[in-house]
Amino acid sequence: MPSLVFTDSSGQAVNQSLDAFPFKIGRVSDNNIVLLSAIVSRYHAQIVKVQGKYYIEDLESVNGVFLNGIRVAKVALKYGDQIKIGNTVFTFMETEIADGFSTTTDGDEATNQEIKEFDLHIRRLEDIFFQVSPSLSSPKINIEASQLFRKLNRNFKKLIKEAEIRHTLYDVSRLIASVYDMQVLLNLVMDLALKAIKAERGFVLMKNEKGDLEVKVARLMEDDIKEFEGVGISQSIAGKVVEKGEPILTFDAATDPRFSNQESIISHNIKSVLCVPLKGRDGETFGVIYADNKGGLENKKVFRQEDLEFFVAFANQSAIAIENASLYEKVRKEEQMRLTLARYLSPQIVEQVLHAPGEMQLGGVKKHVTVLFADIRNFTPTTEQVDSNLLVTLLNEYFTIMTQTVFEFEGTLDKYLGDGLMAVFGAPFSHPDDELRAINSAIKMQSLVENLKKGWKSRGFSDLFSSDFYIGIGISTGEVISGNIGSYSRMDYTVIGDTVNLSSRLSHIACKGQILISEDTYKFVKNRIEVNELPMQKIKGKEHQIKIYEVVCTTIRK
């Protein structure tokens, strides 16, 4: 059954089962959870169940509902999600995830009964031995026998405890080994840790990319964490564990000379604390698991040495799972990035970008590039005479071979523009012959269009495509601003500048099957290709007439 874990106004831990839907949260008394706060609306939010999934829904509250720090209207919940309503933070739990996990450090009822029975057997044997021993042995033998009985009893209890721990660690491994979602894994590790050692509160702390300690998961101590960061637990206990890479156990933090001068320990009435390092395969500490119990209640457990030994083994298994999840997450993100980049970069450049991610950050840099625009001539009238499904099919075939040609010469597909496309040679990575690469790409594009038309004709497609389908291409060289430009939620890799505009203008004035290049492009290839110098022309956006050249060679040049 799912539940919400939170700290109520009196500071007590609450685990509220979600047993009726809609489950409402608000200020008035008929809500399932009542929050007496001026910044909470009368009916602030509700949790609903739809087709087996749980959703948090804002009931048009004034101050909103925040899920993992982001304001939401209605969104599906995942295990470990944190919901903030007013000043209260709820953690959404699905208890069945950890229900199969058995705690061990105190032993279950059957095990405890087994130990008691063994203890009785030992005592009985001891009694029998001493009833007959006066006539069979000396006082020295009696003492040795008594010591042996006690040793047998201790060893049996130790074996039982070790078997319990192995069983528990097996359960831990089974539960976390196949979890690769980092958020789910860290929440599961936290819940299993608290359940295993019977702790009330805790957090998982990990180093971020800068090497600073950062709280990843907190259970029933969100407000305390804010106070502890910088001066409290993160420095006095967790900070020491990270620094030295060694676990810490304290039975009574308030009287422990290592921490008794910490105001946060006293003010938050922290009693017993366990904190163990999370270490990677290289032996370096990358985080900690912290758990504590507050003082003031008799049923609060005081951690013991065997708890620490178990917790260290638990942390070692958790660290392996966290590293695996981190690696999986890295590979998944890289694959997503690879698929995204593959839409507009050649495979060779994709690999370069993945190995030099700094080249693809938000923002732009100045680059010397060559820009190519290819545009279908008189396309709009054609679209009105062709079936829409056929039109899309043929255009997809056209754009496929155009894109492959751009990639063949290691250019970047910037974007599709209706019936045209824009490609860039020289960004994000440049070559010494980007100008020639762009021209060779254009030459091959024109050749492939002719082959494409023949194929369409042989397949019986419309004469409008098989006979009157032509493209005009414009190419210009110069300085642009290149980079991922946009917002963090939506960005595109592109180039902007006058060079882009000129290339677009040249493609628009190019006739059927024509390739036009700017004077700046021609300067780099004048000894390697054949051209016709055209009359000076006035181009939109240019104050004066400019020189334009028509490429007349029809074969790839090196």
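This briefing walks through a predicted model of one protein chain, topic by topic. The secondary structure of the chain comes to 16 helices and 24 strands. Of its 558 residues, 47% count as buried.

**The whole chain**

- The accessible surface of the protein chain comes to about 28700 Å², and 51% of that surface belongs to carbon and sulfur atoms.
- Take the contacts in the chain with a separation of 6 or more: residues 24 or more positions apart account for 60% of them.

- The mean pLDDT of the protein chain is 79, and 71% of its residues reach 70 or more.
- Residues 100–107 have a pLDDT below 50, and beyond near neighbours in sequence this stretch has 37 contacts in the model.
- Residues 227–234 also have a pLDDT that stays under 50; for them, the model has 25 contacts beyond four places in sequence.
- A word of care for these stretches: where pLDDT is low, the predicted coordinates should not be read in detail.

**Helix α4 and the residue after it**

- Helix α4 covers residues 182–197, which makes 16 residues.
- From its first C-alpha to its last, α4 reaches 23 Å, close to the 22 Å expected at 1.5 Å a residue.
- Of the 16 residues of α4, 14 are buried, so the helix is largely enclosed by the rest of the structure.
- Just after α4 comes K198, with a positive phi of about 55°.

**Cis peptide bonds**

- F21 and P22 are joined by a cis peptide bond, with omega about 0°.
- To find P22, look in the loop between β2 (13–17) and β3 (23–26).
- A cis bond also runs from A427 to P428, where omega is near 5°.
- P428 sits in the loop between β19 (420–425) and α13 (434–458).

**Positive phi in loops**

- Q51 has a positive phi of about 50°, although it is not a glycine.
- The loop between β5 (45–50) and β6 (53–58) holds Q51, and Q51 is exposed, with a relative accessible area of 80%.
- E410 is not a glycine either, and its phi is positive, near 60°.
- E410 lies in the loop between α12 (388–408) and β18 (412–417).
- Is E410 buried or exposed? E410 counts as buried because its relative accessible area is 19% and the cut-off for buried is under 20%.

**Salt bridges**

- Side chains of opposite charge can pair when their charged atoms come close.
- The count for this model comes to 14 salt bridges.
- D292 forms a salt bridge with R201, and their closest N and O atoms are 2.9 Å apart.
- This pair links distant parts of the chain, 91 residues apart: D292 is in strand β16 (residues 285–294) and R201 is in strand β12 (residues 201–207).
- D292 is buried, with a relative accessible area of 0%, and R201 is buried too, at 2%.
- E450 pairs with K453 in another salt bridge, with the closest N and O atoms 3.5 Å apart.
- Why are E450 and K453 separated by about one helical turn? They are three residues apart in helix α13, which means a separation of about one helical turn.
- E450 is partly exposed, with a relative accessible area of 35%, whereas K453 counts as buried at 4%.
- E533 and K547 also form a salt bridge, and their closest N and O atoms are 4.0 Å apart.
- That pair, 14 residues apart, links E533 in strand β23 (residues 531–537) to K547 in strand β24 (residues 546–551).
- K547 is partly exposed, with a relative accessible area of 30%.
- R304, E306 and D307 are linked in a network of salt bridges.

**A nonpolar patch on the surface**

- Which residues form a nonpolar patch on the surface? They are I481, I485 and I496, and together they have about 210 Å² of accessible area.
- I485 belongs to strand β20 (residues 471–486).
- I485 is partly exposed, with a relative accessible area of 34%.

Note on methods. Residues numbered from 1 in each chain as written. Heavy atoms only, no water. Helix = DSSP H or I, 4+ residues; strand = E, 2+ residues; numbered from the N terminus. Buried < 20%, exposed > 50% of the residue type's maximum accessible area, 1.4 Å probe, protein only. Expected span 1.5 Å × (residues − 1). pLDDT = per-residue confidence, 0-100. Contact = heavy atoms within 4.5 Å. Patch = residues over 30% accessible without salt bridge, like charges linked within 9 Å, V, L, I, M, F, W, Y side chains within 5 Å. Areas by Shrake-Rupley, 256 points an atom, 1.4 Å probe, with all protein chains shown as cover. Salt bridge = Lys/Arg side-chain N within 4 Å of Asp/Glu carboxyl O.
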